[in-house]
Amino acid sequence: MTDHVISRNPATGAILATYPLQTAEELDRSLAQSAEAAELWRNTTIEQRVKVLRQLGEQLRQRQDELATMATREMGKPVAQARAEVLKCASLCDWYAEHGPAMIADKPAPVEGQQAWQSFRPLGVILAVMPWNFPYWQVLRGAVSMLLAGNTYLLKHAPSVMGSAYLMAELFEATELPHGAFTVINTDNDGVSAAISDSRVAAVAVTGSVRAGAAIATQAGAVLKKTVLELGGADPFIVLADADLDAAVASAVVGRYQNTGQVCMAAKRFIIEESIAAEFEARFSQAVTALKIGDPLDEQTFIGPMARYDLRDELDGQVQQTLKEGARLVLGGHKIEGEGNYYAPTILADVTPEMTAFQQEIFGPVAAITTARNAEHALALANNSDFGLSATVWSRDESVTSWLAERLETGAVFINGNGASDPRVAIGGVKKSGYGRELSSFGVHEFCNIQTVWKNRR
């Protein structure tokens with residue numbers, strides 16, 4: 001059992017830093033600090049909260065290069081993509097600062113003969129267990145809405161990106177947010193369990209694996225605490241015969257290989273109508289071959305190293321198993337030899353529903369192509385999954401895309417465009433992809449006490 005976590009550069013294998021785990025006493029102090037801040041923050045005005053969000057947005061912009069470089073060094077994200085992530089977080093702050101006050105304003109309710117309204121009260125301390133793949137966006141897309149509502153945020157970040165976690169804490173310290181309202185804890189599974197059970201924690205948010213989400217939800221449920229879970233995905237990308245193939249291929253490349261394929265909502269299962277399958281495969285493989293792989297600190301790099309060596313081993317195992325099951329290798333299919341944790345961009349074709357790459361989440365630069373006879377067959381294939389995070393549909397026929405969107409068992413459907421997360425719309429999944437929603441007003445209200453107030457006029 002270790003008493004520290006290590007941050008390692010996946011491009012070189014070099015150790016960047018070690019961070020000691022908190023003792024039980026230190027964790028208790030963090031919980032106390034967050035609880036004390038919650039009592040102060042819940043009584044601030046909406047104007048004060050909005051001011052902090054705007055200050056945070058400015059901090060993100062001012063320190064974008066430092067933040068981007070930290071993420072790149074810690075988890076291998078190509079630096080241009082890392083900078084875009086930071087600026088997206090800044091825009092998130094701006095959007096909630098502008099539109100957030102209306103979300104938590106009292107909402108009158110029409111009750112005959114009486115006066116009634118809904119109020120949105122903070123719950124208190126929210127424990128957030130977050131992943132490494134978007135070390136800033138995954139955190140702030142929840143933290144900003146929770147802080148807007150008057151909650152405080154207790155961050156348990158992934159061990160490999162603790163440098164990014166502490167940088168975010170520095171940003172908040174430079175605003176007028178009360179000390180402790182955004183607190184980073186560095187603890188192990190036992191510490192997370194202790195925090196969940198602690199009476200000072202009101203609710204838990206998790207982004208991560210199905211296994212982690214199920215374990216945390218079980219613990220939180222035992223003490224009757226709300227959870228919001230955003231877990232894995234095996235998102236289908238449907239291309240029908242009448243689609244704009246040039247646009248669909250370009251979208252497929254970004255949708256699968258951005259962030260080296262390490263995206264929960266990434267396109268993973270490519271379901272292509274059989275009459276265009278060969279042409280799609282040829283264009284797709286040509287476009288993927290042209291992607292620049294290399295040093296993630298190079299502004300031109302599109303695919304960097306995978307974040308952790310164990311994840312690369314797991315990915316390669318899934319690829320080799322799928323090939324043994326009868327899939328055809330179009331491109332890649334191997335670790336890249338030499339320094340760093342690189343995996344060749346891979347395309348698997350002739351993938352069928354019983355194969356590993358169809359049924360499991362593939363978290364890395366690997367695309368699996370399956371053919372469908374028609375739209376009805378594509379729908380059946382898409383819904384043949386334990387996951388339900390998002391789906392993408394390409395067709396020029398609006399009646400067909402609407403028909404598919406109504407029937408796809410996913411939390412989001414993207415029609416003739418790239419999948420995305422945006423503060424203006426909610427994201428979240430169904431089935432084993434989790435429950436609850438983040439972003440938009442839905443994400444704000446997830447962690448509010450929606451209080452009904454009646455005032456009898458008689």
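Author: The largest cavity has a volume of about 100 Å³. A cavity is, on a 1 Å grid over the protein atoms alone, a set of points where a 1.4 Å probe fits but cannot get out, and lining residues have an atom within 4 Å of a point. A volume is the space filled by probe spheres set on the points, which are joined across faces, edges and corners. This is a predicted model, in which local features need pLDDT of at least 70 and side-chain atom pairs count only at pLDDT 80 or more, while totals for chains, interfaces and linings use all residues. Residues are numbered from 1 along each chain as its sequence is written, and side-chain values use heavy atoms, with hydrogens and water left out.

Reader: Which residues are the closest to the centre of the largest cavity?
Author: The largest cavity is lined by 19 residues. Those closest to its centre are Ala-205, Val-228, Arg-437, Glu-438 and Phe-447.

Reader: Which element gives the most to the lining of the largest cavity?
Author: Helices (H or I, at least four residues) and strands (E, at least two) are DSSP runs, numbered from the N terminus. H5, E8 and strand E9 (226–230) each supply at least two residues of this lining. With four residues, the top contributor is H5.

Reader: How many residues of the lining of the largest cavity are charged?
Author: Ala, Val, Leu, Ile, Met, Phe, Trp, Tyr, Cys and Pro count as nonpolar, Asp, Glu, Lys and Arg as charged, and the others, Gly among them, as polar. The lining has nine nonpolar and six polar residues. The charged residues number four.

Reader: Which residues of the second largest cavity are the closest to its centre?
Author: E10, helix H13 (375–383) and strand E15 (387–388) each supply at least two residues of its lining. Of the 13 lining residues, the closest to the centre are Pro-236, Arg-269, Phe-387, Gly-388 and Thr-410.

Reader: Which element supplies the largest share of the lining of the largest pocket?
Author: A pocket is an open set of points with protein on both sides within 12 Å along at least five of seven lines. The largest pocket holds about 1400 Å³, and Gly-208, Ser-209, Arg-211, Ala-212 and Arg-308 lie nearest its centre among 41 lining residues. Helix H7 (189–197), strand E8 (201–207), helix H8 (210–222) and helix H11 (309–324) each supply at least two. The largest share, six residues, comes from H8.

Reader: Which helix gives the most to the lining of the second largest pocket?
Author: The second largest pocket has about 590 Å³ of space. Its lining has 32 residues, with Phe-134, Gln-258, Val-263, Gly-419 and Ala-420 nearest the centre. Four of the lining residues come from the top contributor, H4.

Reader: Why is helix H3 called oblique to H4?
Author: Axes are lines fitted to C-alpha atoms, for helices over the stretch in contact, and angles run from 0 to 180 degrees between N-to-C directions. Helix H3 (residues 64–75) packs on H4 with axes 8 Å apart, at an angle of about 125°. Angles under 35 degrees count as roughly parallel, over 145 as roughly antiparallel, 65 to 115 as roughly perpendicular and the rest as oblique. The angle therefore makes H3 to H4 oblique.
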